[in-house]
Amino acid sequence: YGATFNNVDQGQDRILPGAFANTLEGRKSLPMLFSHDQAKPIGTWKALKEDGRGLHVAGRISDTTLGRDVRTLAKDGAVTGLSIGFFPKRAKYRDDVREIHEIELVEVSVVTFPMNELARVQSVKSAIGRGDEISRSDYELILRHAGISRRKSKRLLDYGYQGLSKQREVVEALDGLTAALMRYM
């Protein structure tokens, strides 16, 4: 959830149900940034909907160095927050809390410390886990994470198991690949 309804965040904002209705109308995607930094796009939010809990988002992290780093950090639980970049279009203060009735949504970021403690990443799936086609560079990355040398990884991808010269290398490659694939599932 990029945002949740009716709770007061650390900035003393409370987003009310219906606040995203106008901004989501007709919108097909939204930028995914890292820590609200416009110079650090990491992907695209492809599914945006307001439900009874808040702003539910689902997206795809790009296959870039930063994207892979953020995906790894999210899978490891080091970066689990989400935060919205927005302009309040209609809001009023009640006591010391700003109640937001309508929002112009600009972006949703993956962050370390969200303003709204309830705005969290719920799951991270790799391309393998989603069933997407895997690129050669992804396969090489998986092999490298499995402890297979760059040279052996390239030979394995170029020539298959025939590219490895010894039975021991084949067994090591299979063991490493199996272990790595299990981590990426």
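## A buried glutamate

Glu 107 is found in strand 7 (strands are DSSP E runs of at least two residues, helices H or I runs of at least four, numbered from the N terminus). This is a predicted model, in which local features need pLDDT of at least 70 and side-chain atom pairs count only at pLDDT 80 or more, while totals for chains, interfaces and linings use all residues. Residues are numbered from 1 along each chain as its sequence is written, and side-chain values use heavy atoms, without hydrogens and water.

Glu 107 is buried and has no salt bridge, with the nearest side chain of opposite charge, Arg 27, 11 Å away. Here buried means under 20% relative accessible area with a 1.4 Å probe and protein chains only, and a salt bridge needs a side-chain nitrogen of Lys or Arg within 4 Å of a carboxyl oxygen of Asp or Glu. Lys and Arg count as positive and Asp and Glu as negative, with His and the chain ends not counted.

## The aromatic pair

There is one aromatic pair, counted when the ring centres of Phe, Tyr or Trp (its six-membered ring) lie within 6.5 Å. Phe 5 and Phe 20 form this pair, which is tilted, at 6.2 Å centre to centre and 40° between the planes; planes under 30 degrees apart would be stacked and over 60 edge-to-face.

Phe 5 counts as buried at 9% relative accessibility, and Phe 20 is buried at 0%.

## The nonpolar core

The largest nonpolar core has 25 residues, being buried Ala, Val, Leu, Ile, Met, Phe, Trp, Tyr and Cys joined through side-chain atoms within 4.5 Å. Strand 7 gives the most to this core, with five residues.

How values were computed:
Buried < 20%, exposed > 50% of the residue type's maximum accessible area, 1.4 Å probe, protein only.
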